[in-house]
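Subject: Model for your files

Hello,

Here is the structure we spoke about, with sequence and coordinates together. My notes on it follow below.

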Amino acid sequence: MSAFDVIILGGGPAGYQAAERLGSHHRKVLLIEPQFLGGTCLNVGCIPTKTLLHSAKLYFHSRDAGSFGVTVEGLRYDWETMQGWKEEVVTKLREGIAFQMKRSGVAVIEGWGRLISPPRGTEPARVQISQGEKAGEEYSALAVLVCTGSVPIIPPIPGIQNNPAVVDSTGLLDSRDPPQSLVVVGGGVIGVEFAGLFSALGVPVTVIEMTDEILPFMDRELAPLLRKSLKGVDFRLGFRVEKIEGNTLAYTNREGKSEQLTADRILMAVGRRAQTQGWGAETVGLDVGPQGVVVDEWMRTNIPGIWAAGDVTGRSLLAHGAYRMADVASQDILTYLEGASPRRGTFRMRWGAIPWVVYGINEAAGVGLTEQDAQRQGIPYKKVTVPLKVSGRFVAENGFGIPGTCKVLADPHKGRILGIHLVGPYASEIIWGAALILEQELRIQDVRELIFPHPTVSEVLRDAVWAFE
Ligand SMILES: Cc1cc2nc3c(=O)[nH]c(=O)nc-3n(C[C@H](O)[C@H](O)[C@H](O)COP(=O)(O)OP(=O)(O)OC[C@H]3O[C@@H](n4cnc5c(N)ncnc54)[C@H](O)[C@@H]3O)c2cc1C
């Protein structure tokens with residue numbers, strides 16, 4: 001049985017990032033991954049969706065370029081080439097991760113890892129491989145980091161199983177032809193992004209969402225703004241899908257109103273859940289809650305010597321959340337392996353400072369409390385809302401057809417910023433600065449002292465902090 005300092009289950013953003021961090025600190029690391037390095041994000045998530053979206057944006061903006069004085073003739077898109085480009089991007093980046101692992105001295109095994117005993121006192125943890133070339137082999141480690149990610153939720157709607165018209169995000173990303181028409185079940189981030197991608201290509205899209213507004217975690221003033229900017233998408237809000245027969249869906253609202261719709265393809269995008277099964281959580285007695293593996297701010301589980309990071313914790317189902325959790329866990333594992341007393345306080349997760357983004361022709365992004373969060377939690381706040389059309393750069397590049405807004409909440413006494421929320425193109429590139437403001441607990445006065453380059457859309461943040469009384 002080969003012995004390691006750390007064994008990591010899962011080679012997604014959490015797993016490979018932690019492997020690199022620990023490996024580059026000269027720790028002996030084993031990374032176990034049954035499929036592809038890069039996990040959901042690189043292979044069937046963030047990167048393939050944004051690669052296809054880039055092509056869709058080029059097509060969409062070329063179609064609309066006339067109003068900016070540029071005429072494109074004979075415009076069309078080629079799905080096969082788009083798919084080819086996506087594959088090239090994914091393959092190159094995957095090779096990049098394999099190289100990173102090599103450079104950091106990380107051993108990688110293709111297989112499914114299973115915890116068979118936890119670390120106890122001076123006894124290391126044991127992990128067995130249950131498929132692939134090394135099936136049956138056992139490895140030991142002083143520390144284990146669980147990064148097994150998440151899987152799509154399949155709702156119990158009659159007619160889903162074995163229905164070739166019904167796909168999940170992975171199936172739709174890999175399809176050989178674009179859908180002729182698309183129904184998306186679920187108005188969360190993944191559903192809205194796919195709706196935006198295909199409507200930009202001119203595909204008729206309908207989104208059926210059970211609640212009264214899309215993106216339930218978003219500020220209630222801003223979510224409708226993003227929805228209305230998806231002009232090619234028909235939203236059926238407050239409707240629950242009852243059954244699917246072939247290509248036809250039947251759905252009903254709370255008042256009992258029923259509708260039917262037929263589409264070429266039906267995307268199930270009702271959410272994802274932490275992958276907590278099949279790798280021995282129960283065998284070693286890990287505390288698993290309804291969201292996922294229970295962790296503290298240092299990514300420690302209830303068992304000393306076992307950490308968890310990324311989607312498997314259910315704390316943030318986002319790749320950048322996974323990267324940060326991996327950094328925090330690696331730091332804590334290094335301290336543990338050195339036998340030093342744990343450093344607490346500085347390098348920890350601030351769950352409220354994880355930004356989120358919804359990508360598309362228009363974008364939305366946010367970090368920290370929404371107005372509704374503050375109201376629910378009884379937290380006093382003051383707010384300002386600034387339209388993006390105050391930004392010269394925004395107007396020059398978007399005209400007046402795409403809505404954009406920035407909303408900032410702050411503590412009414414000390415002026416500490418509590419939340420920053422944006423709708424508008426570039427929101428994804430601005431939000432890291434907002435996350436820094438939240439992570440560092442900056443006040444209105446601190447942000448007033450920053451210099452924002454001009455002309456940029458990010459200047460709207462400066463306008464917002466100066467707009468506070
Ligand atoms: C369509 C789509 C679009 C997305 N777009 C974005 C986006 O734009 N931005 C963003 O931040 N996030 C996005 N996400 C979410 C993002 O992909 C995840 O948050 C991220 O991949 C989580 O990383 P992770 O390392 O925790 O898990 P994963 O990436 O899911 O990786 C987990 C890995 O663990 C492996 N594994 C599972 N069990 C075992 C085991 N027992 N032993 C060994 N290995 C195991 C799996 O094979 C998998 O490769 C998207 C997701 C989807 C589905």
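Ser391 is in contact (heavy atoms within 4.5 Å) with Thr456 and Val457, leaving aside its neighbours within four places in sequence. The model is a predicted one, in which local features need pLDDT of at least 70 and side-chain atom pairs count only at pLDDT 80 or more, while totals for chains, interfaces and linings use all residues. Residues are numbered from 1 along each chain as its sequence is written, and side-chain values use heavy atoms, with hydrogens and water left out.

Ser391 itself sits in the loop between β20 (382-387) and α11 (392-398); helices (H or I, at least four residues) and strands (E, at least two) are DSSP runs, numbered from the N terminus. Ser391 counts as buried because its relative accessibility is 4%. The classes are buried under 20% relative accessible area, exposed over 50%, and partly exposed in between (1.4 Å probe, protein chains only).

Pro380 lies in the loop between α10 (371-376) and β20. At 46% relative accessibility, Pro380 is partly exposed. Not counting residues up to four places away in sequence, Pro380 touches Asp411, Pro412 and Leu418.

The ligand

The shell around the ligand holds 37 residues, and Glu33, Thr40, Lys50, Asp311 and Ala319 come nearest; a residue is near if one of its heavy atoms lies within 4 Å of the molecule. By type, the shell divides into 17 nonpolar, 16 polar and four charged residues.

- Asp311, through a polar backbone atom at 2.8 Å
- Ala14, through a backbone N or O atom at 3.0 Å
- Gln35, through a side-chain N or O atom at 3.4 Å

On its own the ligand has 990 Å² of accessible area, and the protein covers 95% of that; areas come from the Shrake-Rupley method with a 1.4 Å probe, and for residues only the protein chains shown count as cover. Two or more shell residues come from each of α1 (13-24), β2 (29-33), α2 (39-44), α3 (46-63), α6 (189-200) and α9 (319-337). Helix α2 gives the most, with four residues.

Glu193 belongs to helix α6. Glu193 is buried, since its relative accessible area is 11%. Apart from residues up to four places away in sequence, Glu193 touches Thr49, Lys50, Val357, Val358 and Tyr359.

Backbone geometry

Most residues other than glycine have a negative phi, and most peptide bonds are trans. The following depart from that.

The peptide bond from His454 to Pro455 is cis, with omega near -5 degrees. Pro455 is in the loop between α13 (444-448) and α14 (459-467).

Leu215 is not a glycine, yet has a positive phi of about 50 degrees. The loop between β10 (205-209) and α7 (223-229) holds Leu215, which is buried at a relative accessible area of 0%.

Glu441 also has a positive phi, near 55 degrees. Glu441 is in the loop between α12 (427-439) and α13, and is partly exposed with a relative accessible area of 44%.

Other points

Arg240 lies in strand β12 (residues 239-245) and is partly exposed at 46% relative accessibility. Arg240 touches Met210, Ala250, Tyr251 and Thr252, not counting residues up to four places away in sequence. Arg240 and Val185 are 55 residues apart in sequence, with 8.9 Å from C-alpha to C-alpha.

The disulfide count is zero, taking a disulfide as a pair of cysteine sulfur atoms within 2.5 Å. Among the cysteines, Cys406 is buried with a relative accessible area of 0%, and Cys46 is partly exposed at 26%.

Regards

Definitions and conventions:
A polar contact is a pair of N or O atoms within 3.5 Å; within protein, one must be able to donate a hydrogen and the other to accept it, and residues adjacent in sequence count only if both atoms are side-chain atoms. Ala, Val, Leu, Ile, Met, Phe, Trp, Tyr, Cys and Pro count as nonpolar, Asp, Glu, Lys and Arg as charged, and the others, Gly among them, as polar.
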